[in-house]
Amino acid sequence: MEMVCKFKTISIIFLCFFLLFFSANTATGTIYTEDFNDGNIDAPFEINTTNYTISNGELHIIGGEPYNNTDLCEIGVYHFNGDYIYRVESSLLVLGPNPTDLTGISLQWYEDSNDNHGWKAHLKFDHTNGVFWAHYWNGTDAFDVNLESFNYNEWYDLSITFNTDSITYGINGSETELFKGSYQEPTSIYYSYGEIHSAIFPADGVDVYADNLSVYIKQVIPEPASMFLFSFGLLGIAGISRKKK
Ligand SMILES: [Ca+2]
Ligand SMILES: [Ca+2]
């Protein structure tokens, strides 16, 4: 009888451990897409300017006042509560040439409220060199890589994906994996976001045309150490309940 009980307890513990591990690793998560086809920006997407129009199913952020100093024009999903925004994609029209235009997409997460313990990645138009610019910051060091060249007045499908230990930058479906071993998937999140990001320095506003903005969200996978602690906790509970019998 005791052997059967023991076997049952151990089986339950293994089942709990397996379910926890399995659910954490197979959480494919949620995808939010804004295609602007209904003329509205719908939740959970937010935009920090009223200076925009939507026509022909496309977003047009209008440059110039009042976004003509060091302000950012941003539209995206801004997520607290431990969820991890691991991929952002959008179609953007490259306008120019305009050396002050830093338009592109951005993917960022932070472990705390002061933006110091975080990771961020940008994929933007570098008008000086006429190429797409991949940028990555790991909280301490910044890394820059020039990718392929672009043409003005053409639309490009851009994406950034945080992988387990690297970042993938996509341009029209052509993907470049960078910073392998330098990036680390988070084990906890305070704040996470994916967005279209346009910084305009220092004077003339730059228009932004965008469409099909998507963000991908999944649950943060806890550290293996936390899962072992959780399992030991279960063992402890099982032990106590057995003693009580
Ligand atoms: Ca909409
Ligand atoms: Ca559209």
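Hi everyone. Let me start with a stretch to be careful about: over residues 22-26 the pLDDT stays under 50, and the model has 4 contacts for that stretch beyond four places in sequence. This is a predicted model, and where pLDDT is low, the predicted coordinates should not be read in detail. For the protein as a whole, the mean pLDDT is 82, and 72% of the residues reach 70 or more.

Now the overall picture. We have 2 helices and 15 strands in this protein. Of its 245 residues, 25% count as buried. If you take the contacts with a separation of 6 or more, 65% of them are between residues 24 or more positions apart.

On to the core. Which residues have the most contacts inside the largest nonpolar core? They are I85, L123, I160 and I196, and the core has 38 residues. Strand β15, residues 208-219, gives the largest share of this core, with 6 residues. As a general point, nonpolar side chains tend to be buried together in soluble globular proteins.

Let me stay with L123 for a moment. Leaving aside residues up to four places away in sequence, L123 touches G104, I105, F132, A134, L158, I160 and Y169.

Next, please look at strand β8, residues 118-126. It is mostly covered, with 7 of its 9 residues buried. On one side of the pairing story we have strand β7, residues 104-110, which runs antiparallel to β8 and is joined to it by 7 bridges. The hairpin of β8 and β9 has 4 residues between the strands, and in it G130 takes a positive phi near 70 degrees.

Let's move to another hairpin. Strand β12, residues 167-171, pairs with β13 in the antiparallel sense over 5 bridges. I167 finds its bridge partner in β13 at L178. Between the strands of this hairpin there are 2 residues, and N172 takes a positive phi near 50 degrees.

Is β13 largely in the open or mostly covered? It lies largely in the open, because 0 of its 5 residues are buried. E177 has 11, so it counts as exposed. Apart from residues up to four places away in sequence, E177 touches S166 and T168. The C-alpha atoms of E177 and I160 are separated by 9.8 Å, with the two residues 17 apart along the chain.

One last stop, for anyone following along on the screen. Where does G181 sit? It lies in the loop between β13 (174-178) and β14 (191-199). G181 counts as exposed because it has 7 C-beta neighbours inside 10 Å. From G181 to D165 the distance is 5.4 Å, C-alpha to C-alpha, while the two are 16 residues apart in sequence.

Conventions
Residues numbered from 1 in each chain as written. Chains lettered and ligands numbered in written order. Predicted model: local features only at pLDDT ≥ 70, side-chain atom pairs only at ≥ 80, totals over all residues. Buried ≥ 20, exposed ≤ 12 C-beta atoms within 10 Å, placed from the backbone. Contact = placed C-beta atoms within 7 Å. Core = buried A, V, L, I, M, F, W, Y, C linked by C-beta atoms within 7 Å. Pairing = 2+ DSSP bridges. pLDDT = per-residue confidence, 0-100.
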